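Dear colleague,

My findings follow directly after it.

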Amino acid sequence: MERPGHAVGRETELAALRGFLQAEAAARALVLTGGPGIGKTTLWEAGIGDAREQRIRVLVARPSEAEARLSCAGLIDLLGEVDGDDLAALPSPQRHALEAALLRADPTESPPAQGAVAVGLLAVLRNLAARGPLLVAVDDVQWLDPASTDALVYAARRLDGEARFLLAKRPGQTLALERALERRGLDVLEVGPLSLGATRRMLSLRLGLTVSRHVLRRVHESTLGNPLFALEVGRSLAESGQPGLEGDIPVPETVEALLGTRVARLPPAERRLLLAVALSGDLRPGQLASIGDAAAVGAAVDAGVLVIDGDRVRPSHPLLAAAATRSSEPSDRRELHLELANVVADEGLQALHLAHATTLPDERLAAALTVAAAEVSSRGAARKAAVVSEHALRLTPPDSMERSERLLALAGYFEVAGERQRVTDLLSPELDTLSRHDRVRAWLRLAEGGAIRSIYDTEEYLDLALAASEDDPVLRAHVLTKKSIHASPACVWRIPEAEAWALEALPVARESGPVLERLALHGLGWARAMRGLPIDAVCDEFRAASRTASHITDSPEPVAGLRLLWRGHVQEARAILTEFLQLADERGEEVSYALQRMNLCDLELRAGNWNAAAQLLDEWDSADRQLLIRATYERSRALLAAGRGMSDEAERRAASALAGAEPGGYRWQVLEARRANGLAGLLAHDPERAADDLRAVWEHTEREGVDEPGAFPVVHDLVEALIELGALDEACAVAGRLRELAEQQDHPWGLVTSRRCGALIRLAEPAYDEQAAADLSSAAAEYGVLGLRFDAARSLLSLGRVQRRHRKWGAARVSLEQAAVAFDELGSPGWAEAARSELERVGGRRAPATGELTPAERRVVELAVDGLSNKEIARSLVVAVPTVETHLSRAYAKLGIRSRAQLSRRLASG
């Protein structure tokens, strides 16, 4: 986890800085370059901090524009911490000149001889470098005064490896100091914008600010990834709250002072053109010229406020457009929207501009906007569809026959866009005004609204809707599809009934049209996937139902990706789920994005890719939390901790997930939390606790018709716990059911896991079964082929334990060493320690070769060589500090050293 003040999202740049500071680095100078506020000073300061941690002496100068005309101001700053003794050793002319330049003595001549100052500086730098490593660090080097520049240039040309230079500057011409350093080896590191994820982490760490993903994207786009601007916008958001669907991103006062003044100084014609581009965002030069004139467009381009990019015109910076909008009058914006409606060709965009220009109800315009919203939605732009639909409802006359339809349409767009509370706020006051038919549709929307606090709230709305729709086949089909979807992924109950509901609804849905047909197919896809049945035909029919884009949450295709994961096809599943995650992000479907991120996180947890899962969870934690209940996050954290071998944290996270999920009936989260708790129990050598949790999951899935064995993969852990308890009959029954399901479904994961379970049961017998051991070893290899590395390592650990108990010392040693290495490579220190604990009990254990580091020990050693403290190493590797200390102690012993100072030399020589 990044600490406050850390250069967030700058891992590549920080690594380059660390490399530059290494003694063997070829370059003796590094220049950080980038625009104002981009973060080069933060990186420059990080480099200084790293140097001081490595006991490199640093001379620092921070010139400013105001000091650029003050003679020797940079040298005064640079040598501020150099004491008089370092100057006293200089020859008298140099010492007097340098002391006078530094304002430490009265000048003997006026001004001090620049040549003597430069020679004196060179001598001081050489004397300091002779005592140890030296770094000369100058920020904003473009503001260095001429006298200081001349002296540093003179010294830089003559220093031959005695010192390094770390400079930061704005882009532009190459400076004299850079040219002087080029012959000694100079690298240039361009500091670019922050990524979207880094912007999110920075806002969270620095401001404690959590924003929804669409607001985050707007902040990132409006600031072009500039950290300074993003922080200022974030502070404004923290004060004023998040904007609505169409609200403007605030322009902070500090940015307003810079950009607002620039906008105010523009000639009226140019300022009006900037506002037009800000309000439309998709104008061609000719269209813009029809609002002003070609000369004004050219002048705005020449002034640097507009840019012609291909056949489009855009503001030179998004915040410049925001400043223009903020400084304009509402009447001016309405007038300009009216003109833009006559300029743009797209009918939907015309209608939207007219809506912005209109304050009174207008049925004709509202109808046009309704069509435009449907068109936008069909292209997958969820949030834009909601914006257009909101205008349509606003302009609908109160007595219009279409008002209820537009009200429900807007609620649907809100739902897809993730604005669940707005669904409730919109529909709840209107229920009594709606017809019975429309009230049923409203209940279906409210079943997904912001007032839902439990599965039972949703069930209540669905039951109300079902009872009121008995005499309407189409409406009843709609309710049945919702009940089917609700039963499978949310409740995990009555799975055969869920399939029956979807099948009952499907014929009516096909007659009704593609929207309802697709919804019914979505419910059918979920139910059949949970029953372990193929859904390829369902997905084909879904795609054939309509050519228009569907909302991802309504599609069975991501479910097909999950089914591939459950069956053990990890790579194929990752490709599908990643594609849908990216598509949801592009479309602005907040709920879809949150669900696909959860699915991808589950995949990485199954595959044992802990760092990838942790990264997704970090984003999840700072995203809009109304979209997924907290228990979903906690159970994923519990599974991650269990996979890494942190049983205490896994138990704590699982308890938190259960406390959040059980009262609301969120059974998927309950089942996953108990699975994590069971795995933690096995690691903690508490098979009774493990069996209680894992048995509860297994019995629930059996009872509710979840015949897909990979949906909640507990069988192998349950069998292991039961064997430890001596309950072999129960273990055989569970393993037999898995074998039956796996063979029926030709299930890759189920088949290999069935062999694993069968081998464990046979190896629990008093006599050692060589074939069972071979089967368990083969299962580990097959897991590896499937990409399930954690399952592979767990199988090797189980095999080694059994072999040790049967006194198969050589075989046990091989299996346990392989398991320990595999866990090290995964980043599962708790499990690696469990494997090594078993290894220590193996008779005739071979002593490790001197200098032979395990992967985990090598990772710790490499970070120690980079200068990280034990606490920082633990945070980086997500392990406990005592674990780091243990790895370092073992590494010291193997390498024959006693301190960190010897590590770098020992590794280099090895």
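In this predicted model, a search of the whole structure finds nine aromatic pairs. One of them joins Trp 526 and Trp 566 in a tilted arrangement, with 6.5 Å from centre to centre and 50° between the planes. This pair links distant parts of the chain, since Trp 526 is in helix H27 (residues 514-530) and Trp 566 in helix H29 (residues 557-567), 40 residues apart. Both Trp 526 and Trp 566 are buried. An edge-to-face pair is formed by Trp 610 and Phe 790, at 5.2 Å centre to centre and 75° between the planes. Trp 610 belongs to helix H32 and Phe 790 to helix H41, so this contact ties together parts that are 180 residues apart in sequence. Trp 610 and Phe 790 are likewise buried.

I turn next to the charged side chains. The count of salt bridges comes to 56. Among them is the bridge between Lys 483 and Glu 459, whose closest N and O atoms are 3.1 Å apart. Lys 483 lies in helix H25 (residues 473-491) and Glu 459 in helix H24 (residues 455-467), so the pair ties together parts that are 24 residues apart in sequence. Lys 483 and Glu 459 are both buried.

Glu 619 forms a salt bridge with Arg 597, with 3.2 Å between the closest N and O atoms. Here the linked parts are helix H32 (residues 610-621), which holds Glu 619, and helix H31 (residues 590-607), which holds Arg 597; the two residues are 22 residues apart. Glu 619 is buried, as is Arg 597.

A further salt bridge connects Asp 717 and Arg 794, the closest N and O atoms being 2.8 Å apart. Asp 717 sits in helix H37 (residues 715-725) and Arg 794 in helix H41 (residues 789-805), 77 residues apart. Asp 717 counts as buried because its relative accessibility is 3%, and Arg 794 is buried with a relative accessible area of 2%. Through salt bridges that share partners, Asp 717 and Arg 794 are joined with Glu 720, Arg 801, Arg 804 and Glu 838 into one network.

Finally, there is a patch of positive charge on the surface, where Arg 157, Arg 158, Arg 179 and Arg 183 gather. Of these residues, Arg 179 is placed in helix H8 (residues 176-182). Arg 179 counts as partly exposed because its relative accessibility is 47%.

Yours sincerely

Conventions:
Residues numbered from 1 in each chain as written. Predicted model: local features only at pLDDT ≥ 70, side-chain atom pairs only at ≥ 80, totals over all residues. Heavy atoms only, no water. Patch = residues over 30% accessible without salt bridge, like charges linked within 9 Å, V, L, I, M, F, W, Y side chains within 5 Å. Areas by Shrake-Rupley, 256 points an atom, 1.4 Å probe, with all protein chains shown as cover. Salt bridge = Lys/Arg side-chain N within 4 Å of Asp/Glu carboxyl O. Lys, Arg positive; Asp, Glu negative; His and termini not counted. Charge placed at Lys NZ, Arg CZ, Asp CG, Glu CD. Helix = DSSP H or I, 4+ residues; strand = E, 2+ residues; numbered from the N terminus. Buried < 20%, exposed > 50% of the residue type's maximum accessible area, 1.4 Å probe, protein only. Phe/Tyr/Trp six-rings, centres within 6.5 Å; stacked < 30°, edge-to-face > 60°.
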